[in-house]
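Reader: Please take a close look at the helices of this model, with the ends and packing spelled out. Keep to what can be computed from the coordinates.

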Amino acid sequence: MLIINYIFYIDFAIFSVFVTLFITEIMGGVMILIGWDRYRKGILDYIVPVWEVTGTFAAFWVVASDFAFPKILIPVADIFPWMIMLFLILFVARNSTIVFAEFIIKKGWLDERKLYSGYAFSTLLIAIVVLIILSGIIGGTGINLSTLSFSAGSWALNAGGWLFLIGAVIIALGLAPVFYNVIDLKKITLPFTALGIVISTLSFYILSPGTFSAMVIIPVIMTILIPVLYLIQPLRMIVVNKLFFIGWGSIDIFSMNFMVYPDAFGGKLPVDAFTTSGPMTGMFYAISLAGIIILGILVIFYAFAVKRKSIETIEHPV
Amino acid sequence: MVSFDRFLFAFTIGSHIILVAMSISLILLITVFEYFNLRKRDEAQTNLIRRLKRVFVISFGVGTASGIVVAVELVNLFPGFMTVVSETGIIGAFYLEIFAFFLETIALVLYVYFEGVFKWKYTNFTLATITAFGTLLSAVLITMVNAWMNTPNGFYFDTANGMYSSTAKVVVTNVWAPLATVSTFSEIVHVLSTTVFAGTMLIGSYFAYRYVKSRNDNDRNIFRSVLRKISGISIIGIVLAGITGSNEMATLLKYQPLKYAAMDLNPTPGTGFPERLFGIISNGKVVGGIQIPGLQALLAKLETGIVQLPGLSSYPQSTWPPLWIHDTFDVMVIGGLILGLYLFILFLFFVFKKEYVKNRPMLYLQIILGLFAFFIYEDGWVTDEVGRQPWIIYNMMTVSQASNYSTSLLIPGYLIIAFYIIVIPSTFYFFARIFNSTRGPENLSPSPQGGVDH
């Protein structure tokens, strides 16, 4: 009898929303670095109110994973200790720079642009750390499960890891003009996204040929549809809607769950064996349900506020 | 590595609670101002709220990141402990905290970045209150975890002595029980009252300094208004801290007698003990320090009815915490009394309707004692946490059993310490800079020129 591991799927759904939000920030970070004067208004209008929510989703996923997979904590802490610490330093740097940048009044050498660039750099570096860890979780790249250790050298020697990184960066570059509706970059969106998808798909195959399946077609189609819809003018308004993009992106990432389930680390680690069980599952469901209802209500309020503000801006432009 | 793990985590959380206390006190203060603004709208007060909101956003932003550092460090430095946490109901407190955190975050985002979007008269006050509620709820939930570490329940290890071993399995008996242990309530009320008190005193220290330095009458009026409210909160805070602290000692006496014996430096069990201020144990006897005859026994009897007090000799020496916690405990109590005396004098100023801000020595004392209150707050946490040693889960799992022994933690660990040494002062520098640089009416929308509109 097939038993569905709902706990895994709930955790992966949280992960999908977090990653989507984080990708929107990465795209913003790239745009800040390449065209500060030109794109800053559109980027900051989005990022300034949302970066705190992204951070909260990061915490949400970390705690939900602690709850869902208690027995994985010791192996993960043993395998990635310095990567996790590096992530933490970058995370504090990200938050500090953006929150200082929000309110800085130029005095001396430090100004808003430098702080936002600091934010963009730390966000991009966090992305690299996260992608290296994810490539390890998907394919076991650089990881020795018997000694519970990670070797950066052996990770670097595997083409799959590099392609995974490069593919993700190119996709982000391709989708950034869509998310921030930068018309003058519309020509790059389809070729970049398509190239990124090809590289990423190849990287999945190299990383974990055992778990690679035809299911990959779902995220491929969902991702390529974004620039395609953007290029069709009557449909552009749909994909540039940020709530739509985040929803679509979350489903897109969620569809990639087959890469780590039922087996992670290149097919070596059965996820079901590490999932919480017994009376703890009831608590997980109860709190998740109550929490997600509260979160849903808050998001509705937030969406309502965003809509009201955008209407006011149209009625009373600055 | 165990010592390093301990030190790194102590340093991180010691730094983190500075931001936590600041955030909690600041949002409460803002909520109080929103309440007064609702009763009598005043442009100067509205402007002050905006300035404080900006400081709060910085405190929240850096504090959030720091909170995640603490949470992930727990997994990374003490994976054995977090595995047990994740297999028992106390993980529910961490999980619930995320939703409190969402409540705080989204309410704050609406409060700060969407001002004026909702036309309802009570919007600002309501959003400030929800943000404050989310912030306090986060503190309550994380204190539940600490209370459970002190008085664990809801599970056992399937070993002969009930203590952790590398092959032990966790058997859950009640998933919800860890959210309400025997020490949960007393610890929550004490932590909340002292946190609000310490944070408020720290903020008061800054405003007292600004009042002393300022030559601008408008500024001085604003600072006087803030200082009056801060003084009111601080007076209530010290009274609550005293009552809840006494209750906390009663809980210790009942449920953590060894910790109580170490804090009061009782070498042997017995009756009629004096209150000992400082001193050390030598050859089984207390040497040095000051003794107040019968006071400890009297307080214990009044608080709990217990006459026979515990002593260290009843427990194996390997389970004793470091006995210098007796000194940190005494410093905390004496410090609390000094703060109480100052606030009592301040209270008399209110009673006799005198403006204490016109009294320079009182203002200088407020500057010094605001910082001192925070030192006492940190000292209290050191007493509590070191007092639980060598246990991470009292009488069930030691810190060394929970620790990560990977030496690859060393370099990034030192980097985190160096980073905090830069981040905390920078954050306070920015608090002051942002507060001082935004005096006019503002909104917080990003401006076309850069930064926010001023």
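Author: A helix here is a DSSP run of H or I with at least four residues, and helices are numbered from the N terminus. The model is predicted. In chain A, helix α4 covers residues 112-139, 28 residues in total. From first C-alpha to last, α4(A) reaches 40 Å, close to the 40 Å expected at 1.5 Å a residue. Just after α4(A) comes Gly140(A), with a positive phi of about 75 degrees.

Helix α10 of chain B can be read the same way. With 27 residues, 325-351, α10(B) reaches 38 Å between its first and last C-alpha, close to the expected 39 Å. Lys353(B), which follows α10(B), has a positive phi near 55 degrees. The buried residues of α10(B) include Ile325(B), Phe329(B), Met332(B), Gly336(B), Leu339(B), Leu343(B) and Leu346(B). An α-helix has 3.6 residues a turn, so residues three or four places apart point the same way. The buried residues of α10(B) pack against α7, α8, β3 and α11 of chain B.

Next, the contact between the chains. Chain B gives 58 residues to this contact and chain A gives 57. On the chain B side, α2, α3, α4 and α13 each supply at least two residues. The largest share of that side, 15 residues, comes from α4(B). By class, the side of chain B that touches chain A has 39 nonpolar, 17 polar and two charged residues.

Notes
Residues numbered from 1 in each chain as written. Chains lettered and ligands numbered in written order. Predicted model: local features only at pLDDT ≥ 70, side-chain atom pairs only at ≥ 80, totals over all residues. Contact = placed C-beta atoms within 7 Å. Nonpolar A, V, L, I, M, F, W, Y, C, P; charged D, E, K, R; others polar. Expected span 1.5 Å × (residues − 1). Buried ≥ 20, exposed ≤ 12 C-beta atoms within 10 Å, placed from the backbone.
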